[in-house]
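User: Please take one part of this model and look at it closely. How is it put together, and what surrounds it?

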Amino acid sequence: MSLPPQPDSPAEAGPIPDNTARLESLISALQTQIVQQQTVIAALQARNAELERQLGLNSGNSGKPPSSDGLKKKSARTNSLRERSGKKPGGQKGHPGKTLSRTGTPDATIDHFPETCIGCGGALTEAMATGHAARQVFDLPEPQPLIVTEHRAHACRCANCGTETRAAFPEEVTAPVQYGARIAAVVVYLLHYQLLPEKRLAALMADLFGVNLVTATIAGMSRTCAARFQGFAAAVRDQVAAAPVKHMDETGFRIGGKTQWLHIASTIWLTFYRVSPKRGSLLGNVLGIVVHDHWKPYYSLKGVLHALCNAHHLRELQALVEIEKEDWARRMQTLLRRACHAANLAREQGVTLSPGFIALIERCYDAVLTEGFAFHEAQPALISTARKRRGRVPRRTGHNLLLRLRVRRMDVLRFLSDPAVPFTNNLAERDGRMTKLRQKISGGFRSVDGAEDFAVIRSLLSTARKQGWDILQALTSRPDHLIAELQIA
């Protein structure tokens, strides 16, 4: 079977059908649709990557608190960001230890004598004793009833003029019947240091000491204590503000159902807490060096130098290593750890790091930054998933961290050149941790006055612990005496 002959000319082939125009229009529409779909797919991929990154964050590789990890703790949380030292776990050689030791002056002695001989079964008496072995038991004494002291203000009549004069009661004795300073100190200690809720505190006092307190009495003791130590807290505030190096942090907590802020300013010897409705209300008259976590309002402080918390940087770098797989972040982690180790050794030996070593660390630091920027410049542009397209072009998390490490280079590495500057801001974070624990146990505060009382008393308690004072003795001491005994350096 032969094929039909081909036409010899276009005229013989006939006119081009209209289907060609329709096909071209359809192809153009499909190409437009493909471009739109590719844009949507890229945006969804970027959104999915961001969500996966957020799911991968935990307290070990970000600033999230450990409580946010949930009940299923990841094993990464147990891994320290420090490098292995090669030492075995536990107490090291030469560690003094804290073993319970015998005392040479026991409060009571109980003698035990055998009644019969284990050899022949004969009777034995105390007079036959030849020696003894001793064991000591340390225990609490039996709860004792309260000691009641009655103060009697006598009146005397003058023999010359007949005027009757009555003696004054001690300044602290203000009511016909009241609790003493030691009970108030124990209550304030349990309430604001051990963070017991008021009802549980009342039950403890009744069970252990037979003291029946109502919550109003406990609150009154707290208010009285805070009023006494207002001046002490103000003195601590001034000393912290003038200290050569201080740590600052802030944390939110609930007052009257609203979020307000507790600001922490501390040194290794002092702690000052302050309540404010605004997060950006910073401590005034601050001098010296401020160690913080790169919250931008801290850079509004005038006349101070800054040192950034490198524990935050290590955690952020850890997230880039685990989630983004950015190799420069691993190199920066190693460099910062080794620089920290060198600074700690120099501090322990009472010397400073040599300028040559500091210059070497800085060159390595700059080299890692260059590597990081080269990596991000080679990445495709990040597609924003936000509805509004106004503003700067979005950057990856690692790119933002690189910019911070470059712009704030001196603040990141200040611990190398100044032995007084620590590697982290952990001091302020530890000082603020008990506030979050109090909120978990007892919830928020009902009033601003209660929160401010808490801040004053915690300033006293935390400072007393750093000073090595006896806590209960500090709570019963005169504030002016404590101010005179403050050690600030």
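Analyst: **A helix pair and its setting**

H8 and H9 run roughly antiparallel to each other (angles over 145 degrees; under 35 is roughly parallel, 65 to 115 roughly perpendicular, the rest oblique). The model is predicted: local features need pLDDT of at least 70, side-chain atom pairs need 80 or more, and totals for chains, interfaces and linings take all residues. Residues are numbered from 1 along each chain as its sequence is written, and side-chain values use heavy atoms, without hydrogens or water.

H8 covers residues 327-348 and H9 covers residues 355-377. They pack at about 165°, and their axes lie 9 Å apart (lines fitted to C-alpha atoms over the stretch in contact; angles run from 0 to 180 degrees between N-to-C directions). The crossing of H8 and H9 is left-handed (near helix turned anticlockwise from the far one by less than a right angle).

Now the residues. H8 brings Asp327, Trp328, Arg331, Met332, Leu335, Ala339 and Ala342 into contact (heavy atoms within 4.5 Å). From H9 come Phe357, Ile361, Cys364, Tyr365, Val368, Leu369, Glu371, Gly372, Phe375 and His376. By type, the contact of H8 with H9 has 12 nonpolar, 2 polar and 3 charged residues.

A second pair is H7 (residues 310-324) with H10 (residues 397-407). Here the angle is about 150° and the axes are 10 Å apart. That makes H7 and H10 roughly antiparallel. Their crossing is left-handed. On the H7 side, His313, Glu316, Leu317 and Leu320 make the contact. The contact of H7 with H10 divides into 4 nonpolar, 3 polar and 2 charged residues.

Next, a loop. Thr267 sits between strand S4 (258-266) and strand S5 (271-276). Thr267 is buried, at 6% relative accessible area (under 20%; exposed is over 50%, partly exposed in between; 1.4 Å probe). Beyond its neighbours within four places in sequence, Thr267 contacts Val240, Ala243, Val245, Lys246, Leu427 and Lys466.

Finally, the whole protein. It holds 16 helices and 7 strands (DSSP runs of at least four residues for helices, at least two for strands). Of its 489 residues, 34% are buried. Among contacts with a separation of 6 or more, 61% join residues 24 or more positions apart. The accessible surface is about 32700 Å², with 55% of that on carbon and sulfur atoms.

Key. Ala, Val, Leu, Ile, Met, Phe, Trp, Tyr, Cys and Pro count as nonpolar, Asp, Glu, Lys and Arg as charged, and the others, Gly among them, as polar. Accessible areas come from the Shrake-Rupley method with a 1.4 Å probe; for residues, only the protein chains shown count as cover.
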